Amino acid sequence: PEGARHNTLVRQGFIAGKLAGSGHVPFDVAYAELHAAGLFVGLDEKDTHRSILDSMRCGSQVPWVERARSVPGVASYSKAPTEDEPKTQILVPGNHFQEPSHVSNTAFSSVALALLSPGHYARRGGLPGTIEGQSGKRSFEPSTVDSTRILLGEFLQPVLISEDEDTHEPITTKKLFTKDMGGLVLSLAHTHENVTTLSHLTRAPVLLPNQAWSRPGWTHEFGVYYDALKKIEDIEPATDPACRRALLEDAVCDFPFEDDHDRETFFGLLLTPLLCLFIDGPIPMFLVSSAQERTGKSLLLDSVLGGTILGAGLPAMQLGDKPEEHDKRFTAFLLSGGTLLHLDNLTQRQAIDSPPLASLLTARVYQGRYLGSSRIVSLANTAIIAATGNNPRFSAELAKRIVHIRLQTRSEH
């Protein structure tokens, strides 16, 4: 795929270098084959030449191990090697014995990212990070120097090739990843094309732009990560339209919708997370409202929407009164990879007017300040927002961005 071309070239260059350095294949033959492949898939000639040389030089200094583990980062969330399994070796920056004798900071970082990505390292809003958490509850977490150093140490083994003073033969010495090494990799990961940009993190299958359903794990072509719940991976969906309709009706049979239009609109909300990548434009906010409390508004979103799309309850967020707080909460939500937001118990004390909320409902790319810094991050916005309230009032700017779902007030009789 287009987004993985350079990553694949560097990874194969590193492996070819190990083979060439061990005498299994001539260096010039391996270079020529990789160079031709890079040009064939459309990579720039200058970048192709530099990437192949850097990666092959790094690989040539690491002895080939016939039973070495596969390169980490190819499959999403592959396990770290056990004590009995060798880690993939990588040359530390600096001078090494034998020619070529120097590994630059850029070459070290580039090879490290090629070996880690795309399954272990990603980028969102220009910030490198990892997808953390248990199945069905994963979120994007920006990386720090320390977390990068620890991640590198889980899958890679830094080594130094030096000269034995007595025999003048090369010696491979294992090293530890330092903060400086973690900082080098983290710095390059902000812009390096080896790192996949996370555009959409979902807990339900989504229809992709190529009209195929997403599979568990990464779809790197579109930057989509499907965090599938283990308990539903093997469930076969109903194929009979009448059966599908009956399942939807059964899920909402206890909720007092004012009329059929409100029920159908809620069904539309249920389908929106599955089709959101096909919606070319802003997604309105779905407001579940009634004249008074205790009509089942929050329960409808928590149990039916959350249970259907997330496989669990839908956490609620309070909007708050200050627009600057809205911006912080929305930025944190989007940065984590959140796509389904529940704004609970909107007030009717005064008309709600929130420029950040209006922007979230309009912009396909949301800009906000990264918490704890002055940096402005630009985040792909595929958020679907559902809210509840008792006849909340809105400013004119927000009112035209809302789709209403009304529940009847329950009678005492």
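Trainee: Is Cys 276 buried or exposed in this predicted model?
Mentor: Let's go by its relative accessibility, which is 1%. The cut-off for buried is under 20%, so Cys 276 counts as buried.

Trainee: And what about Cys 243, how accessible is that one?
Mentor: Cys 243 has a relative accessible area of 33%. Anything between 20% and 50% falls in the middle class, so Cys 243 is partly exposed.

Trainee: How many disulfides turn up in the whole structure?
Mentor: A pair of cysteine sulfur atoms would have to lie within 2.5 Å. Searching the whole structure for disulfides gives a count of zero.

Trainee: How are H1 and H4 oriented to each other?
Mentor: H1 covers residues 5-21 and H4 covers 105-116, and they pack with axes 9 Å apart at an angle of about 105°. Angles of 65 to 115 degrees share one class, so H1 and H4 are roughly perpendicular.

Trainee: Which residues of H4 make that contact?
Mentor: On the H1 side you'll find His 6, Asn 7, Val 10, Arg 11 and Phe 14. By class, the contact has five nonpolar, three polar and one charged residues. Over on H4, the partners are Ser 110, Val 111, Ala 114 and Leu 115.

Trainee: Which element gives the most to the largest nonpolar core?
Mentor: That core has 33 residues, and Leu 346 is among those touching the most other members. Elements giving two or more residues include strand S13 (285-290), strand S15 (340-346) and helix H10 (323-335). With four residues, the top contributor is H10.

Note on methods. Residues numbered from 1 in each chain as written. Predicted model: local features only at pLDDT ≥ 70, side-chain atom pairs only at ≥ 80, totals over all residues. Heavy atoms only, no water. Axes fitted to C-alpha atoms, helices over the stretch in contact; angles between N-to-C directions. Parallel < 35°, antiparallel > 145°, perpendicular 65-115°, else oblique. Contact = heavy atoms within 4.5 Å. Nonpolar A, V, L, I, M, F, W, Y, C, P; charged D, E, K, R; others polar. Buried < 20%, exposed > 50% of the residue type's maximum accessible area, 1.4 Å probe, protein only. Core = buried A, V, L, I, M, F, W, Y, C linked by side-chain atoms within 4.5 Å.
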